[in-house]
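Subject: Structure handover and notes

Dear colleague,

I am handing over the structure below, followed by my notes on what was found in it. Please read the notes with the model open beside you.

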Amino acid sequence: MLLSRRTTWKTRSPLIAAIAALSLITVMPAGPARAAAPPDISLTNVKAHLSQLQSIATANGGNRAHGRPGYLASANYVRSQLDAAGYTTTLQSFTYNGATGYNVIADWPGGDPDDVLMVGAHLDSVTAGPGINDNGSGSAAVLETALEVSRQSLQPGKHLRFAWWGAEELGLRGSRFYVNNLPAAERARIKGYLNFDMVGSPNAGYFVYDGDNSDGTGAGPGPAGSAALERTLQDYFTSIGVQTRGTDFDGRSDYGPFIAAGIPAGGTFTGAEGIKTSAQAALWGGTAGQAFDVCYHRSCDTTANINDTALNRNADAIAYAVWTVATAVPPVVVWQDTFETATGWTANPNGTDTAATGLWERGDPQTTTSSGAKQLGTTVSGTNDLVTGRLAGSSAGDHNIDGGVTSIQSPPITLPSAGPLNLSLSYYLAHGSNSSSADYLRVRVVGSTTTTVLDQPGAATNRNGAWTTATASLNAYAGQTVRILIDAADASGASLVEAGVDDVTITR
């Protein structure tokens with residue numbers, strides 16, 4: 001893992017935690033699509049790969065670093081295993097600091113070529129040591145998962161691509177080269193990337209990348225779809241009775257270039273040089289006041305520097321995510337609106353709106369900023385979204401919501417009588433520090449009864465716009481004709497409030 005001074009775990013302030021709790025009260029998780037049962041990955045096999053990487057380092061100056069013979073030998077070992085298992089492999093070369101580096105890319109035959117799930121780990125070590133936890137652990141666990149795909153002759157709906165990155169320790173060089181050199185059409189085919197960097201730390205924590213920014217600290221959420229990857233990994237650890245905590249997309253590992261390209265990302269992490277707290281030791285065991293990995297970037301990062309329990313759990317989590325995401329039966333779209341064309345949404349449907357400006361409309365939004373992004377000029381897909389006043393004036397507040405409530409309602413939507421039925425949408429609520437909980441964004445489903453499925457209040461703190469995904473069950477409305485009603489309000493006086501909604505979808 002790339003060295004950074006940023007923290008490697010998250011804590012929530014009471015205010016942020018309270019806001020997050022309020023905003024998610026009415027958002028119900030969508031039911032997962034059906035998927036093939038994931039396997040139990042052999043810890044013995046994973047550790048055998050680690051022994052091979054240790055032997056390679058020992059025979060090549062004690063490390064597997066970029067530009068050193070130990071790295072190329074590591075790449076050739078991984079590639080030979082995959083070639084024998086029936087993968088189509090590529091040893092992609094790049095140059096950094098005057099030395100040649102390599103990425104190992106392995107494609108499993110079949111699956112939808114326009115729907116690619118990538119799973120990756122960096123293969124290089126630092127020059128100081130063999131890098132068995134950082135990141136032989138992630139590399140070995142991903143390799144054994146890929147080999148299990150072959151043993152089971154898996155036929156996933158998605159196309160599976162595995163990757164082992166070079167020169168991560170020098171600034172994500174291999175993964176950045178790969179992503180930046182993909183044609184735009186090829187990047188668009190990658191619908192998700194799972195990253196596993198340090199998954200066997202001796203004083204392990206159990207961290208899952210915070211795709212939905214529910215922790216509310218550090219970087220914002222990952223691209224739309226990251227929250228679903230986070231939930232999948234959380235589901236695995238919940239199934240084995242292990243509590244997880246969020247870790248920020250802080251740019252320290254190879255998810256970084258994928259996120260920068262708008263590709264959803266997720267993954268797990270067991271901790272690096274950060275110090276385990278007393279609360280974390282109570283949660284997971286281990287030693288409080290000691291680093292998660294005392295041998296981080298040191299010569300003692302050998303096969304003796306591995307927590308077998310953490311490695312085993314994370315290897316199984318990788319397989320769970322691969323099988324769950326790649327083999328899930330895609331849901332059937334019942335109704336969808338990306339707002340690229342007019343489909344009959346009605347502004348102020350009940351004639352009760354009070355806002356003077358910033359009224360909901362469908363259109364191509366312009367960017368506004370005030371202490372950060374407020375109205376987003378980028379949409380989740382296409383050119384248009386639903387936005388509270390799409391224009392940008394000479395100041396950020398020229399077209400924001402002012403004076404009360406603005407609402408907009410969908411056309412009638414007839415739902416099938418059989419479910420499960422799930423609603424998903426992308427949204428943001430942005431406001432300045434002059435906001436309060438009286439300001440809000442709400443989404444309701446109106447049928448024989450009315451259900452609030454999203455309630456995001458404002459707060460007396462600056463909140464920048466960032467697309468987030470919400471999901472809700474509509475099973476209670478099966479067989480009914482419903483409408484989706486969206487409200488936003490500036491009810492705190494002269495506060496700066498902006499909101500947007502995009503890609504509203506109902507699936508069965």
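Which residue has its charged end over the ring of Tyr-440? The residue is Arg-442, whose charged end lies 3.7 Å from the centre of that ring. Please keep in mind throughout that this is a predicted model, and that the values below are computed from it.

**Aromatic rings**

The count of aromatic pairs comes to 22. Elsewhere, ring pairs join Tyr-206, Phe-207, Tyr-236, Phe-237, Phe-269, Trp-284, Phe-292 and Tyr-320 into a cluster.

Helix H4 is the element to which I would turn next. Of its 20 residues, 19 are buried, so H4 is largely enclosed by the rest of the structure. Two helix contacts can be described for it.

With helix H2 (residues 43-58), H4 (residues 132-151) has an axis approach within 8 Å and a crossing angle of roughly 130 degrees, and the two helices are therefore oblique to each other. The crossing of H2 past H4 is right-handed. On the H2 side the contact is made by Asn-45, Val-46, His-49, Leu-50, Leu-53 and Gln-54, and the residues they meet in H4 include Ile-132, Gly-136, Ala-140, Leu-143, Leu-147 and Arg-151.

With helix H10 (residues 308-327), H4 packs at an angle of about 45 degrees, the axes being 9 Å apart, which means that this pair is oblique as well. H4 passes H10 in a right-handed crossing. Here H4 contributes Ser-137, Ala-141, Val-142, Thr-145, Glu-148 and Val-149, and H10 contributes Leu-311, Ala-315, Ile-318, Ala-319, Val-322 and Trp-323. Ser-137 and Ala-141 are also among the H4 residues that meet H2.

Another residue of H4 is Ser-139, which is buried with a relative accessible area of 2%. Leaving aside residues up to four places away in sequence, Ser-139 touches Ala-121, His-122, Leu-123 and Trp-164.

**Backbone geometry to check**

The peptide bond from Asp-134 to Asn-135 is cis, with omega near 5 degrees, and Asn-135 is itself found in H4. A cis bond also joins Gly-419 and Pro-420, with omega about 0 degrees; Pro-420 is in the loop between strand S16 (413-414) and S17.

Positive phi values occur at several residues. Just after H4, Ser-153 takes a phi of about 50 degrees. Ala-167, which is not a glycine, has phi near 55 degrees; Ala-167 is in the loop between S4 and H5 and is buried, its relative accessible area being 0%. Met-198, likewise not a glycine, has a phi of about 70 degrees, and Met-198 is found in the loop between strand S5 (190-196) and strand S6 (207-209), where its relative accessible area of 0% makes it buried.

Is Glu-168 buried or exposed? At 0% relative accessibility, Glu-168 counts as buried, and its place is in the loop between strand S4 (158-165) and helix H5 (173-180). If residues up to four places away in sequence are not counted, Glu-168 touches Met-1, Leu-2, His-122, Asp-124, Arg-173, Asp-197, Arg-252, Ser-253 and Asp-254. Glu-168 and Ser-125 lie 8.4 Å apart in space, C-alpha to C-alpha, although 43 residues separate them in sequence.

With best regards

Note on methods: Residues are numbered from 1 along each chain as its sequence is written. This is a predicted model: local features need pLDDT of at least 70, side-chain atom pairs count only at pLDDT 80 or more; totals for chains, interfaces and linings use all residues. Side-chain values use heavy atoms; hydrogens and water are left out. Rings of Phe, Tyr and Trp (its six-membered ring) pair if their centres lie within 6.5 Å; planes under 30 degrees apart count as stacked, over 60 as edge-to-face and the rest as tilted. A charge sits over a ring if NZ of Lys or CZ of Arg is within 6 Å of the ring centre and within 35 degrees of the ring normal. Axes are lines fitted to C-alpha atoms, for helices over the stretch in contact, and angles run from 0 to 180 degrees between N-to-C directions. Helices (H or I, at least four residues) and strands (E, at least two) are DSSP runs, numbered from the N terminus. Angles under 35 degrees count as roughly parallel, over 145 as roughly antiparallel, 65 to 115 as roughly perpendicular and the rest as oblique. A crossing is left-handed if the near helix is turned anticlockwise from the far one by less than a right angle, and right-handed if clockwise. Contact means heavy atoms within 4.5 Å. Buried means under 20% relative accessible area, exposed over 50%, partly exposed in between (1.4 Å probe, protein chains only).
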